[in-house]
Amino acid sequence: MGPVHQSEPVEATDDAFWDQFWADTATSVQDVFALVPAAEIRAVREESPSNLATLCYKAVEKLVQGAESGCHSEKEKQIVLNCSRLLTRVLPYIFEDPDWRGFFWSTVPGAGRGGGEDDDENARPLAESLLLAIADLLFCPDFTVQSHRRSTVDLAEDMHSLDSCEYIWEAGVGFAHSPQPNYIHDMNRTELLKLLLTCFSEAMYLPPAPDSGSTNPWVQFFCSTENRHALPLFTSLLNTVCAYDPVGYGIPYNHLLFSDYREPLVEEAAQVLIVTLDHDSATSANPTVDGTTTGTAMDDVDPPGPENLFVNYLSRIHREEDFQFILKGIARLLSNPLLQTYLPNSTKKIQFHQELLVLFWKLCDFNKKFLFFVLKSSDVLDILVPILYFLNDARADQSRVGLMHIGVFILLLLSGERNFGVRLNKPYSVRVPMDIPVFTGTHADLLIVVFHKIITSGHQRLQPLFDCLLTIVVNVSPYLKSLSMVAANKLLHLLEAFSTTWFLFSAAQNHHLVFFLLEVFNNIIQYQFDGNSNLVYAIIRKRSVFHQLANLPTDPPAIHKALQRRRKAPEPLSRTSSQEGASMEGSRPAAPAEPGTLKTSLVATPGIDKLTEKSQVSEDGTLRSVEPTRQQSSADGSPAEEEPSQAWWEQQRLSSASASGQWSPTSEWVLSWKSKLPLQTIMRLLQVLVPQVEKICIDKGLTDESEILRFLQHGTLVGLLPVPHPILIRKYQANSGTAMWFRTYMWGVIYLRNVDPPVWYDTDVKLFEIQRV
């Protein structure tokens with residue numbers, strides 16, 4: 001950058017001077033980063049701004065020329081790559097300075113294409129010229145795609161008339177032909193996508209705003225009808241990600257022999273894809289687009305959907321075989337890190353599972369047909385098991401809080417659909433080594449055992465997720481046919497821990513966790529009593545917990561005493577208090593982050609009442625919303641309708657750190673929710689069954705569980721229980737709070753994952769803070 005750092009402005013027409021920046025033949029993007037230090041870019045920005053401006057214009061101009069000509073010579077290809085690397089290096093320093101932020105959106109007089117054309121073309125902002133050139137270059141024959149020329153006699157394809165839909169990078173959605181792999185094309189695409197991602201990264205330099213409706217102008221333009229390659233590029237990115245098989249034809253250790261040029265492209269494609277899909281579905285109106293998408297792969301239903309064409313196309317994929325291709329691809333990639341454990345190092349271990357989870361989330365959120373397809377068969381379990389694996393593995397690691405959240409959000413979204421609960425009844429036989437007790441049972445048991453582990457042995461920062469975890473269990477509980485003894489005991493252990501008086505009284509919203517658990521027990525007793533003798537037995541064994549709840553003290557001295565006890569008592573959620581079985585063979589304990597690990601901060605997530613909307617399941621399985629209006633309180637006082645009190649909101653505000661010291665419970669407050677504890681069903685069950693079980697024990701001198709379980713299996717409570725309550729489901733609902741959370745999480749992941757070269761490292765990002773564990 002030395003020569004640019006002259007105080008004298010250099011004329012834009014001085015070609016010999018500017019050409020030296022991109023003429024060099026043997027560079028890589030890493031070289032450019034090494035040769036152009038941050039301090040120097042900032043110095044030019046402050047001291048020779050006109051030279052920095054000219055450098056940017058000239059680099060964009062070279063890309064535009066390359067896109068026009070089609071980059072036939074090696075020299076042209078080299079120039080395009082070097083300009084692309086240089087812009088990737090410089091853009092973050094333009095974004096970090098508010099005075100420069102509008103620069104790429106300004107028009108340059110006379111800096112159009114050759115000046116001779118009409119003025120409209122010349123008036124394009126620099127950003128638009130750059131984005132259109134990148135789009136063209138991504139479908140440039142013999143540079144980023146195979147040429148379709150029959151012979152050297154044929155003229156090169158004309159870039160203007162080229163139909164890029166014939167050059168989609170990979171077979172899959174809407175495209176049947178799989179082009180010959182070409183690692184040079186892969187590397188060139190990767191460099192251009194890295195530049196594209198850098199253009200989009202202006203979002204990192206703006207602080208998180210509550211009105212997340214502020215669209216990213218780079219993404220907005222790139223995904224608009226102005227980009228004639230929007231459809232083939234969207235399809236290329238999606239297919240490249242979903243068709244990737246890191247194991248490579250099933251040959252173990254293959255990746256050690258051949259360096260994989262596809263993986264960097266797949267990562268870059270996944271990152272570009274999730275950024276283009278950053279669209280707040282909660283607030284967006286659906287403006288129409290012109291009906292240019294006649295491809296059969298996209299559903300042609302009205303309304304035409306959002307202006308962002310990538311979101312639009314994603315939401316309109318509808319063919320079963322396309323859904324199958326996407327789901328299989330994502331499941332294969334998510335399961336990849338789990339395969340590692342069988343033959344260590346035998347397969348390539350991918351690192352982009354967080355991007356894949358964001359992509360899966362977007363697919364389910366924007367395309368309801370895809371969500372229903374996922375839940376239609378037990379294929380959803382191929383997504384569930386890896387998510388549970390990641391949740392369990394990351395539970396002690398402060399630097400992976402974001403991963404914990406997205407995993408839980410996806411399960412919350414799925415749990416709002418009845419089919420998810422039904423699918424969980426499938427026996428769990430795959431033995432992925434996980435640091436959890438061994439059990440024999442279903443996927444529902446696996447989910448409960450992992451959730452118990454997260455709650456009892458995760459780190460402090462996960463506490464805000466407890467509501468979400470238990471809401472998921474409540475949502476699936478009416479459909480669980482038979483819990484294992486291990487899972488039943490885990491649920492009872494959680495109830496025991498959450499219903500100690502000091503825990504109930506020590507924060508304004510802790511009692512919600514007890515309400516959730518009671519709701520789980522009620523759903524199973526009322527709707528799935530027959531197969532659940534293990535749970536009924538566990539409830540009978542721990543009946544004292546329910547009696548204690550019914551007799552919860554509410555007088556001030558007792559409340560005070562309970563809180564005093566808190567200071568001396570150990571955490572109720574410690575491992576010792578739960579009979580932990582031996583962990584699975586071959587599993588490693590969940591480890592905390594290495595000291596010094598970098599992590600990015602996240603905005604707070606909305607509370608469960610904001611995240612979800614309550615719906616009642618009718619006889620025919622349809623849902624109707626039962627959200628009470630803010631004013632009226634529910635007549636029957638059922639906890640599901642309970643509106644969080646003013647105190648609860650206050651508490652939410654205060655407990656951002658560990659400010660729960662300000663909270664002091666009152667008798668009125670305890671009485672207000674104690675009277676609503678839904679204990680009737682369980683008390684009735686205990687009243688009927690406990691005397692019978694005690695009689696068996698006395699008559700037969702029993703200490704053996706199996707006899708009691710056999711009795712409970714054949715028992716029935718028909719006609720003895722209160723009338724079944726309607727099933728309540730809390731469905732995830734899109735809101736701007738989660739949209740903002742996803743934005744900060746996604747960019748944080750991209751920031752931390754791009755270390756070679758470190759595109760954004762040490763620049764002044766504002767969307768999140770970089771912290772060390």
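Contact here means heavy atoms within 4.5 Å.

A word on the source. This is a predicted model, in which local features need pLDDT of at least 70 and side-chain atom pairs count only at pLDDT 80 or more, while totals for chains, interfaces and linings use all residues. Residues are numbered from 1 along each chain as its sequence is written, and side-chain values use heavy atoms, with hydrogens and water left out.

Back to Leu 411. Leu 411 is among the residues with the most contacts inside the largest nonpolar core, together with Phe 104, Phe 521 and Trp 747. That core has 239 residues. Helix H5, residues 74-95, gives the most to this core, namely 11 residues. A nonpolar core is a set of buried Ala, Val, Leu, Ile, Met, Phe, Trp, Tyr and Cys residues joined through side-chain atoms within 4.5 Å. Buried means under 20% relative accessible area, with a 1.4 Å probe and protein chains only. In soluble globular proteins, nonpolar side chains tend to be buried together. Of the 773 residues in this chain, 56% count as buried.

Now the secondary structure. The chain has 33 helices and five strands. These are DSSP runs numbered from the N terminus: helices are H or I with at least four residues, strands are E with at least two.

Take two helices. The axes of H15 (residues 353-366) and H16 (residues 368-376) come within 5 Å and cross at roughly 110°. Axes are lines fitted to C-alpha atoms, for helices over the stretch in contact, and angles run from 0 to 180 degrees between N-to-C directions. H15 is therefore roughly perpendicular to H16, a label for angles of 65 to 115 degrees. From H15, the contact uses Phe 360, Leu 363, Cys 364, Asp 365 and Phe 366; from H16, Lys 368, Phe 370, Leu 371 and Val 374.

Next, the strands. Three of them form an open antiparallel sheet in the order S3-S2-S4. Strands S3 (623-625) and S4 (728-732) are the edges, each pairing on one side only. Two strands pair if DSSP finds at least two bridges between them.

Last, is Ser 667 buried or exposed? Ser 667 is buried, with a relative accessible area of 13%. Ser 667 lies in helix H30, residues 667-674.

Terms used: Buried means under 20% relative accessible area, exposed over 50%, partly exposed in between (1.4 Å probe, protein chains only). Angles under 35 degrees count as roughly parallel, over 145 as roughly antiparallel, 65 to 115 as roughly perpendicular and the rest as oblique.
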